[in-house]
Each structure stands twice: as structure tokens, then as C-alpha cells.
Amino acid sequence: MSVNKPSAPNGPALETRGLCKSFGALTVADAIDFRLERGARQALIGPNGAGKTTFVELVSGGLSPSAGQILIDGAEVTELPQAARVKRGLARTFQINALFRRLTALENVTLAIAERDGVAGDLLRPAGRHNRVIEEAFALLESLGLAEDALRPVNALAYGRQRLIEIAVALGLSPKVLLLDEPAAGVPSSDTGLIIAVIERLPADIGVLIIDHDMDLVFRLARRITVMVQGRILVEGPPEAIAADPRVRQVYLGERAQGRETR
Amino acid sequence: MATEGLVRPGVTAAAAPAAARAAVDAFAGRHRYRLLEALPWVAAIAAYAVFPSYLPLGAQILAMILFALSADLVLGYAGIVTLGHAAFFGTGAYTAGILAANGWGEPITGLLAGAAMAALVGLVSGLVVLRTTGLTLLMQTLVVATLLHEAANKASSITGGDDGLQGMEVWPIFGQFRFDMFGRTAYFYCLIVLFLCWYLARRVVHSPFGRSLTGIRENVRRMHAIGAPVVRRRLVIYTISAALAGTAGALIAQTTQFVGLSFLNLERSGSALIMLIIGGVGRLYGAFIGVPLYMIAQDRFSEIQPVYWYFWIGLMMVLVVVFARGGILGLVDRLRR
Amino acid sequence: MSDALAAVVSIGFHGLAFAMVLYLISVGLSVTMGMMGFVNLAHGVFAMLGGYVMTSLMTRFGVPFVPALAAAAVATALGSLVVERLLYRRLYGGDELDQVLLTMGLIFMSFAAVTYVWGPNPQPMHPPRWLSGQTDFGFRSFPTYRSFLILCGAAMVTALWLGLERTHFGMRIRAAVDNLRMAQSVGINTSRLFTWTFALGSGLAALGGGLGADLLAITPSYALDNLVYFLIVVAVGGLGSIRGPFVAAVLIGVTDTGFKYLLPELGAFFIYALTMAILLWRPRGLFGRA
């Protein structure tokens, strides 16, 4: 009983038109026209300070733009607060885990599913009676290999597994657009494979945008890459084209080359 | 680790093994009544038989348990730190009191009127106060209570001002049960009202709404990110809590036939926090433990030397915060493990 | 017409004097709260102790005004160090409820302790001879002591501003208030910085308490009675600022005096409503930065 309305079959899952954000004289987002197609596996990369985090905050509703539009599934959400955008089908994970640390993994996911189904405002029926919600949450955890951690408090789990729960919570919202902000950040390299495997198996109709620095992860998971520099989109395209693009190399390697000269 | 593809959200676990079933059941069964929960009520009825000369104090304790319980909903469950809960307590008390002093002494309707007025104050002040967090929120709650305190002080023709409300006349309950001087009627009146309110609070706490409050307390950012209407939820619990606090105030007013400015002051708001920290915040039953201890101790001390009371309660607060953060229930938990 | 003008001038004058007292007491609270985010409801206790120590030195030991005031400020500052090291330190970055309860507990304990030592009655305060009576300012005369208060306040805010902007210590305070973690990573010993700032703030509060003893009576319940006013000045002015509390104190002081003079039936009602309005408009206070 998802609240997401049926939508135009061919439109992009997420779109921004002329999205701008300035703090006084400092422009952090400069007329960004961005599209994330339905079912996409796209990555947003760029050097530090490129504006990737700002872009995520603008899209998810943490920051309000100076100009431009944001559309989820063809419907404009620019004026809507974060919670309303979630209801329209947007979900995100945070670069640093933002979970309910003292609650169990199962509880974390049920809270998300309960919100999605609109039962979270129910004042009088015991939460335990909403069997469907609990079972779905458990099934979701199970499919991510987290079944045995279901009743353990999140702060007792390894960081890598917490990162997976972060993704589970976002998935519980049955989103149309999923923003993964550095999904493997802070995870020991031995556990990165786990997270990549989960992302590889995400449902095909969700548009996934991964924001990351880890080139291995990006090139493995993304079918399309957007490169952002100084608040503007530099170039977009399939991974091979991006890897070969001289401008991209300049942006990433140019800094290193400069560094070598000054030494 | 599962080797099949990711289960789509919306599909339930078809063949969950027994351990999984057990896990889900344990989680789902948290709201079921446990035998231990009958203890406070058994104790209350036993107290009636064992301490017949202390019933007036007992009635006050029961009413104050309701007050602390209402504060726990806001403080312990929703994580809203407020220094102005007395605003609702006092509103309920003065409403019931002014009605009774001006010709309408029917207790049940007076009680409901007190609860309704307090809920209104909670709703209106909540709209203002709950948009903020941290110090600003703390300040706003304090200012609301101080505002009402000042208003009650100045409107002395209605409220009696500094001297307090005089001339309250409360009629017998249902025309039958007169408020006697031994406090028998008062005791049962408070007990029944407390029971009904506790039942309501318990339902709310175990509902999906109540669970979402815990989420708001633990990580508000995450709640926004899953689409929860945070401000609205806080407003709802704030209003419910205000109604319960107002009920408690009305109970005290009706059973002691007196309302004074102290019903609205900072000390009154603080006492709710203190009683909760003794018993344990955010545990529903912290109030049942903390309030009797606090009030009985206060009763004893007021005979000896009131000033020392402040010293010891202050010292206790400092020690509890530093050493025993979870209160008595927290200590019990630690011992059990 | 000149009657109304005289009333305005009077209100302005007395309001300003009250504002200076409020400022001296609250500025320390604003800076320490902005720096450590610690809700210190017991700040008024330092102001109260300053008042008690000063009046005791003056009446019981005949110490002259200025040395008594200085001694009270220093003694309170030292005492505050003990409280900070022993208790407050444990709760930095912690639960707000803990901080509220701890500091409330301290208020209760101080109430009892002070009643035990000095009794429940307000302490008498007699300004020294050279500050009593009236001073002629040309266009009219004003009470000398109140004029002295205003002078002290003005001098203090200037000194604080200069100290904050021009000294090394002040620079470190500004950095820590702006971004604590950044300041730590730049090598500033924020723990020690906070202790010294806290002591300075408490000393100032004691100064304010002593100086303002005839405006805010020195009684055992001082800390609780005046808590709302101190918090209002800090919240309205904004945390972590020395300018903010000054503006807020002047606003509150003059408005409060004005209403007590012109509309005493309303009492402090308007102040509270004004506070709510300002905080609704600017939740961080007028000059808040933290």
C-alpha cells in the first residue's frame, strides 16, 4: 500500500533544471541540469569541493535552492520539505550512518516501512499487531544477510553491517530514486565487497545515484557517470568515455601534476 | 549471506526458519501485558488498607504520578526537554478550581474541563515552541510557564493571586461519593483516573506513533529522511501530555480544594523532572517509583527542616546524574544483567 | 510635555542601570554556553555568591567597597573552577536533560547552603559614601550609584570587546565558539580555554551580583528567582556573543523598568511575550552564532 502514485512511464525518475545555490558571493551550484533515468545506475563524482554534497542536500531537501527546479518522477518538489519528497519516492543514505543507534536493526527498518505505509501515525493499535510491516522488515534484513542481527541494537554491530542497515532503511521506503552518499565510506576494505554486492542486486526499477570518491566502486557499479567540478557538470557519459576523457583526467590528475611541480 | 537476488520490498518472508519466526514474535509481542505490571495497582490498593491515615497524601501521590507520567511522554519518549510542564498542570488546576469556586463543583466535568483547557494551552504553545530545539526550546517552554504564572498572579480577582484560590466547593462524585475528610473518596478518585490515563499512555507508547516518537528522540535527522512529519508528531504528543498534566492538576485542586501560584512555578516543573530521574526516564513506570519516593521524603522533611530538604534533593540530583543516569529502573536493569 | 520627557529619561536611566547588572551577570553565560553547548542553569549561583561574599566582607569585616567587590569576584571565580573541574566537565557533549538536572540540583544545594550560613533574609547593601547621593549632570541629577553602574557596564563591555578582538586569548575564544572541533584540530587546548573562560564568566557574574545588590536583592533563592531573566538575556542576545547579551540586556532592562513604571498591572508579562516573539523570529537570538 505504497503512497507513490503511478507516473509517466518514460520520464526520468529524478531531474533538476537550472539548479542554483549561492551563499552570498560563493556559488556552490551553478545552473545544474541533471537527469536520473528510471532504473538507472549512475554515479556522481568530482574532486573535493566540487559541490556533490551540496547537490545531494539540494535534491533531498536539506538545503533550499537559490534558483531552479527539482522534479521527482515528473512532479515538481522544489518547494517541498524533505519529508514530503520522501513521500514522492526519494530515499537517501547518509555518508556517516544516521541510524537509531540504540534501537534494534529490525526496529530501524520497521520505522521506515511504517512511515511508507502511513501507519506510523496510528495512536492506539499496538505496533506489534502490524504484522505485515514487521515481517516485511525482517524479510528485507534477511535478503541483505542481516537476519541474525535483527534483534540486536545497531550500536552493537560492526560498522560495515550498520552501513548495510542504512541501505535497508532507505530500501524500506520503496523509493523510486535512491541516493547513496558514499555507501562504503568508513567501511574496512574487507567488507566493501558486501556493500557492492548489495548495490548490484538492488531492484531494477529504482533509479540509483551513487556519490563517491572510490573509483573502483564507481566503475564497477555505474552504467553512466556524471562528473561535477566547482558546482557545474563537466561531462556525463558511460564509464569508458569518462575514463578516457582528457578533461576529467585534467581535473583529477591536473592537481597532482601541479603538486609535483611545486615540490 | 543470502545468495538469491534481493527481495523486493513488499514481499513477505515466505518460509522463514523457526529462529526468524521467534525473533519477529519477540519484537511483535512487546506490548503484551506482563504480570509485573499489576504490581503498582496491587500496591495502591494495599496501601489503602495498610495506611488509612495517610490517604490524603496517597491521593496526592497518585495525582502526581499522573503529572510525572505526562512529563515522561514528552521528555522520555519524544526527547523534548521542557522546563515549563507546570503550565499545563496549573492550567488544569485553576480551571477546575475556578469552576468549583464559582458554582460548578461537579468533579468529573471539572476534570474534563481542566484537561481540555490544558490541552488547548499545550496545542497553542506547542505550535510556537516545537519548531525550535535546544536552548531556544527550553527557553520557550520556560517563558510560557512564567507567562501563565504572571497572568495568574495579576488576575488575582479570578485566581486569588498570591493567596491562592479560595472557596472551592467540590460536589460528591455522581452525587453519591462525598469527598470525606479521611480522603477515602479522593484516594479512589485519583486511583481510577490515574488508571484510565495510564492505560491511554501505555497504548500510545506501544503504538506505531509511540515508536516513531522514539525515533524522533534518537535521530531526528533520520526521521525527516524517512518521511516522518516530525513537528506534527511532537505536537500531538505535547498536546496529549498537556491534557494529562492538566488532569493531574485538576485532581490535586479538587481533592485538596486549593490552587495556588506554586502550581505554575519553575519548581513545580522541575519536580516533574526530578521525580522522573529518580525512577527512570522514558520507561513508563519511572513515575510510579520516583513520585512516591520523592513525595514521601518531602513529606518527612517538611516536618523536620524544609531547608535541608533542598540540600539533600539537590545532592541526590547531582549524584544521580553523575552515577546513576537511568534512575532506579536503570539500576535494576544493570543488576539483572 | 517635559513631564513625559522626564519620565522617559528616568526610565531610560534606571533601565540602563538594570541592564548593566543583567549584562555583567549574563555575558559569561552566553560565551560559555556558546562555546561548550552546556546548559548551565546554575550560573545565577555565582552572581548570588558574589553578592553574599561582598556584603559579608563589607558589613562583618568592614572591608571597603572596591576591595570587597574584587575579592568576591576572585573568590567566586576560583570556586567556579572547582565546580567546573569536578562536575560540569563530565557532561560536555552529553544529554541536555542531564545538564538541566545537574545544574538545578546545584541551585537547590546552594539555596540550602546559603540559608544555613546567612539565614533567609535579604542581605543589606549600603553603597560607599563616595557613591551615594545624587550627581548633577547639568540638565538634571541622577543617583550616583546608578550612574556608577552604567559607567561600569559601559567600561566592561568595551574591555570585553577589546579583549575579544585584540588579545590572543580572545582570538582563541572566538575560534572555539565558532567551531569547537576546528579549534581543537588547530591546536587550541579547548579544555583549558573553557575552564578559564568559565572562571572569567563566573567572576563577572559575581561582580554583577555584588554591584547590583540593590536592584536584584541578595536572597537564598536568588539563583532560582532570577533564572528566567538571565536565560532571557542569553537566549534573546544569542549564544557565544558579547554584543548580543548587551543589546538584549538593554532591551530587557529598559522595557522592564518602563513597564514597572508605566503599567505595573501588566508586570513582567510583556517581557515574556516579547521574548517569545523575538525567539520565534530569530531562534538563535539576535546575534547568535553557535
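Trainee: How do you know which residues and chains are meant, and which parts of the model count?
Mentor: Residues are numbered from 1 along each chain as its sequence is written, and chains are lettered from A and ligands numbered from 1 in the order in which they are written. The model is predicted, so local features need pLDDT of at least 70 and side-chain atom pairs count only at pLDDT 80 or more, whereas totals for chains, interfaces and linings use all residues.

Trainee: What makes chain B as compact as a globular protein of its length?
Mentor: Chain B has 15 helices and 0 strands, helices being DSSP runs of H or I with at least four residues and strands runs of E with at least two, numbered from the N terminus. Its radius of gyration, taken over C-alpha atoms, is set against the globule rule, 2.2 Å times the number of residues to the power 0.38; the value for chain B is 22 Å, close to the 20 Å that the rule gives for 337 residues, so the chain is as compact as a globular protein of that length.

Trainee: What makes a residue of chain B count as buried, and what percentage does?
Mentor: A residue is buried if 20 or more other C-beta atoms lie within 10 Å of its own, exposed if 12 or fewer, and partly exposed in between, with C-beta atoms placed from the backbone; by that test 55% of the 337 residues of chain B are buried.

Trainee: Why are strands S2 and S5 of chain A said to stand at the edges?
Mentor: Strands pair if DSSP finds at least two bridges between them, and 4 strands of chain A form an open antiparallel sheet in the order S2-S1-S4-S5. Strand S2 (26-36) and strand S5 (75-76) each have a single partner strand, so one side of each is left without a neighbour in the sheet. Strand S1 (residues 14-23) and strand S4 (residues 67-72) of chain A, by contrast, are joined to each other by 5 bridges, and A:Cys20 stands opposite A:Ala67 in S4(A).

Trainee: How do you know which chains touch?
Mentor: Two residues are in contact if their C-beta atoms, placed from the backbone, lie within 7 Å. Of the 2 pairs of chains in contact, A and B share the most contacts, while no contact joins chains A and C, whose closest C-alpha atoms lie 14 Å apart. Between chains B and C, 33 residues of chain B are in contact with 37 residues of chain C, and H6(B) gives the most to that side of chain B, with 12 residues.
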